[in-house]
Amino acid sequence: MKRVLVTGGAGFIGSNFVHYLLREKNDIEILVNLDALTYAGNLENLTAIETDERYCFVKGDIRDKELVENLFSEYCFDTVVHFAAESHVDRSIEEPELFLTTNIVGTQTLLEAAKRHWKIHPEDKYSREYRGGVKYLQVSTDEVYGALGATGMFTETTPLSPNSPYSASKASADLVVRAYHETYGMPVNITRCSNNYGPYQFPEKLIPLMIHNASNDKALPIYGDGMQIRDWLHVSDHCAAIATVIEKGRVGEVYNIGGNNEKANIEIVRLILSELGKPESLITYVKDRPGHDRRYAIDNTKITTELGWKPQYTFEQGIAETIVWYQEHQDWLERITSGAYVNYYKKMYGDG
Ligand code: NAD
Ligand code: TYD
């Protein structure tokens, strides 16, 4: 991992991953972060590393073939880590088409450029043959497997059965990645992780939204009965797992990544209220999300036994630290929720 393209590196998990790589991996020569800066992309997440000479930010769309092609020509990547996506289930219900083009067509655009550059310039010192081929890692989600009942867990062989436009677009992208491996022999991996939490998560997602609302004495909207279960993974454990798969994963394989932390939504919301010393009267039950998956749970046996990764965080430690982080970064939350940062980017980069 020396010449790395990260897509979506201004988002929640991507920005944590950029920090992680520059901190943990000494052999990085160049890390290019390609991000369109949608509503979910925030360069403020990266201010601490923006002057690092190994780092380069490019504002652009993964669906822009020419741009992507030029980046591959210019930087000769040996590793691609693809985070960029429309990621919020509720938004996918309102605007499915955007999810299909970004998540499926965007993935195929990257794969195509990676394939072309993996094959050419055999004599070039940065060629794929010289370095053993560009490794492409697709960051996917456990939501592609659909919903579980009260028992059982998702393994890598669980059939894909997505229920939302978001998860359907991610499942489709996974199949395209698989096809590039099967058809062209491209060295790919797919990782499917459970719900992440930690610093820099956009406050439309459950945990930062509830912390933000509770801190401001606003209502906490619980969908349905609040008994839906998610399997929570601290984002820094996720970053370490991705790096492990890039370095040690068997080519063509899927790896599930989970933190063994199944919690009902209402349980988490009560915990946040109690940590913040706020009353449970802030909880407001609202209409359920259509097609709401009841339960997700990841069986992480494959990555733990085959690659030796395991989560470091207990949920209790992770959530306590996360609540403190958001309390200490109220200004970060405030700038996002006030829309100030969107206006700033419009001024800096225009609307495009
Ligand atoms: P996010 O919404 O916080 O960030 C997405 C980033 O992608 C943003 O910076 C955005 O500007 C960028 N982006 C969107 N469309 C783009 C485009 N067309 N071109 C270039 N950049 C674009 O998402 P996240 O929570 O960090 O998720 C990252 C990845 O992990 C996604 O692929 C998501 O499906 C997957 N994932 C997330 C979770 C989770 O709990 N957050 C769980 C499982 C899988
Ligand atoms: P979310 O963070 O949107 O992640 P995902 O839908 O990808 O799992 O939601 C996590 C869970 O919290 C999910 O069951 C929906 C629920 N939820 C609420 O009850 N209220 C909310 O306001 C939000 C955003 C989510």
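The model is predicted, so local features need pLDDT of at least 70 and side-chain atom pairs count only at pLDDT 80 or more, while totals for chains, interfaces and linings use all residues. Residues are numbered from 1 along each chain as its sequence is written, chains are lettered from A and ligands numbered from 1 in the order in which they are written, and side-chain values use heavy atoms, with hydrogens and water left out.

**Ligand 1**

- Ligand 1 is surrounded by 29 residues, counted where a heavy atom lies within 4 Å of the ligand; the closest are Ile13, Asp35, Ser87, Tyr166 and Lys170.
- Polar contacts are pairs of N or O atoms within 3.5 Å. A polar side-chain atom of Asp35 is 2.6 Å from an oxygen atom of ligand 1.
- Polar backbone atoms also approach oxygen atoms of this ligand, at 2.8 Å for Phe83 and 3.0 Å for Phe12.
- Ligand 1 alone exposes 830 Å², of which the protein buries 97%; accessible areas come from the Shrake-Rupley method with a 1.4 Å probe.
- Two or more shell residues come from each of α1 (12–24), β5 (135–141) and α6 (165–184), where helices (H or I, at least four residues) and strands (E, at least two) are DSSP runs numbered from the N terminus. The largest share, 3 residues, belongs to β5.

**Ligand 2**

- The shell of ligand 2 holds 17 residues, with Glu143, Pro221, Arg230, Arg289 and His292 the closest.
- Taken alone, ligand 2 exposes 510 Å², and 96% of that is buried by the protein.
- Both α7 (206–215) and β8 (220–223) supply at least two residues of this shell.

**Nonpolar cores**

- The largest nonpolar core has 67 residues. A core is a set of buried Ala, Val, Leu, Ile, Met, Phe, Trp, Tyr and Cys residues joined through side-chain atoms within 4.5 Å, and buried means under 20% relative accessible area (1.4 Å probe, protein chains only).
- Helix α8 (residues 235–248) gives this core its largest share, 8 residues.
- Phe17, Val81 and Ile242 have the most contacts inside the core, a contact being heavy atoms within 4.5 Å.
- Leaving out residues up to four places away in sequence, Val81 touches Val4, Leu5, Val6, Thr7, Phe17, Leu137, Val139, Ile242 and Ile246.
- A second, separate core of 34 residues includes Ile30, Leu71, Val134 and Tyr136.

Technical notes. Buried < 20%, exposed > 50% of the residue type's maximum accessible area, 1.4 Å probe, protein only. Polar contact = N/O pair within 3.5 Å; in protein donor to acceptor, adjacent residues only side chain to side chain.
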